[in-house]
Amino acid sequence: MAYLTLRGINKIYPNGYHAVHDFNLEIEKGEFIVFVGSSGCGKSTTLRMIAGLENISKGEFLINGVRANEKGPRERGVAMVFQSYALYPHMTVYDNLAFGLTLQGVDDDVIEKRVNATAGILGLTDYLERLPRELSGGQRQRVAVGRAIIRKVDIFLMDEPLSNLDAKQRVTMRSEITQIHRETGATTIYVTHDQTEAMTMADRIVVMKDGYVQQVGTPYDLYFNPVNMFVAGFIGEPPMNFIEGTLSGGRIELANNTIDLNGVADKSVIEKYEGQEVAFGFRPEAIKLSEDGENTIALTGIVELIELLGDNTNVYVDMHGINCILKVDPHISPKADSAITFHIPYENVYLFDRQTEKRIKLKEKNEKKQ
Ligand code: ADP
């Protein structure tokens, strides 16, 4: 039996806005789940329904197989970390950490032990007497996380906890939260709009769009086996390139290129989509600049711009009005304004139905599995 079950969960706000549609998910004990999607897609609403801060309009939420819709946040055994830290400004770090336990009537010496242990885990031992305003953003966020873990609850809910931090602090806190999760073993649901956070932290990711779950899977699954154009474009940075066109005899004819899918896709697939609008997809990093082996699709264009990022270079290519980005080794990067030919190995080719935006399976057995 799953630890947490979301069964047909819907949220309709009092103003009639339907923010979450038929959300289904089973979460195992100890899993780190990330809800990811653009702003407004319903991530926080779903998290707040799990927390008990927002009522569930339709559907059922179960903890250990027992209906919990009517239970309050405390009864559910959840601790929540918010983006805004929500620290008490007039209390020291020690008192902020101790507050929840004091309310519960825990003995002072137990509180002292737990505060010291929590401060130790989070590197806050030297800051216990400070007020929140005397801390950096990263330290404040640590106190907020500390207030959640000190309660030793079974379920952590985190809503964009790193979004007020600078890029470097975010990377540090990302690994610290992963580490804390390993140490506490608490089931964690983490909301973010940042696909890198999702990819690096999650056991499983739930991708949402406009209140609907698009796909649930491991980071590997979502990257290699996206179910539709939205997931394919959302996961990965820079995003997957899409070239749209009509399939004719297995080919997509562009102004200066032909994408020939004969050999990449099964004959039955090519016949099924004859005359239909499709989107050909490939990831910026899944190309080769030199040809080796026959099973590739070659495309040519002009390099418009290059961006050196250090570990790689983004190359912006114009193919008679069709643009794509390639991610290449900086040592072999082409120059701006030069002509370029690049090669996409067959195994890195994706195809989508332009109308439904769903992925088209190219072969009977083309799923990449770990
Ligand atoms: P996310 O966390 O993915 O950014 P939210 O769950 O906060 O998205 O919001 C989902 C949608 O619900 C948004 O369009 C938002 O404007 C709407 N919404 C959020 N809270 C309310 C509310 N109290 N009343 C009406 N609509 C709301």
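Reader: Let's start where a helix stops. Which residue takes a positive phi just after α4?

Author: That's Gly123, with a phi of about 70°. Keep in mind that this is a predicted model. You'll find a positive phi just after α3 as well: there Gly105 sits at about 80°.

Reader: And α4 itself, how many residues does it have, and how far does it reach?

Author: Helix α4 runs over residues 108-122, so to speak a stretch of 15 residues. From first C-alpha to last it reaches 21 Å, close to the 21 Å expected at 1.5 Å a residue.

Reader: Which residues of α4 are buried?

Author: Look for those under 20% relative accessible area. In α4 they are Ile111, Arg114, Val115, Thr118, Ala119 and Leu122. They cover an arc of only 130° around the axis, so they end up on the same side of α4.

Reader: What do the buried residues of α4 pack against?

Author: Three helices: α3 (93-103), α5 (137-149) and α6 (167-184). Now turn to α3, where Val93, Asn96, Leu97, Ala98, Gly100 and Leu101 are buried. Those residues of α3 pack against α4 and α5.

Reader: Let's zoom out. What does the domain assignment give?

Author: Domain 1 spans 4-229 and domain 2 spans 240-363, according to that assignment. Their centres, taken over C-alpha atoms, are 39 Å apart.

Reader: How do I read the size of an interface?

Author: It is often given as the accessible area lost when the parts come together. Here domain 1 and domain 2 bury about 830 Å² between them, with 54% of it on carbon and sulfur atoms. On the domain 1 side, Tyr223, Pro226 and Met229 lose the most area, together 71% of what that side buries. As for contacts, eight residues of domain 1 touch 11 residues of domain 2.

Reader: Which residues is Val36 in contact with, leaving aside its neighbours within four places in sequence?

Author: Among them are Lys43, Thr192, His193, Asp194, Ile205, Val207 and Phe234.

Terms used: Residues are numbered from 1 along each chain as its sequence is written. This is a predicted model: local features need pLDDT of at least 70, side-chain atom pairs count only at pLDDT 80 or more; totals for chains, interfaces and linings use all residues. Side-chain values use heavy atoms; hydrogens and water are left out. Helices (H or I, at least four residues) and strands (E, at least two) are DSSP runs, numbered from the N terminus. The expected span of a helix is 1.5 Å times one less than its number of residues. Buried means under 20% relative accessible area, exposed over 50%, partly exposed in between (1.4 Å probe, protein chains only). The arc is that of the directions from the helix axis to the C-beta atoms. Contact means heavy atoms within 4.5 Å. Domain bounds come from an automatic or database domain assignment. Buried area is the accessible area (1.4 Å probe) that two parts lose on being put together, summed over both.
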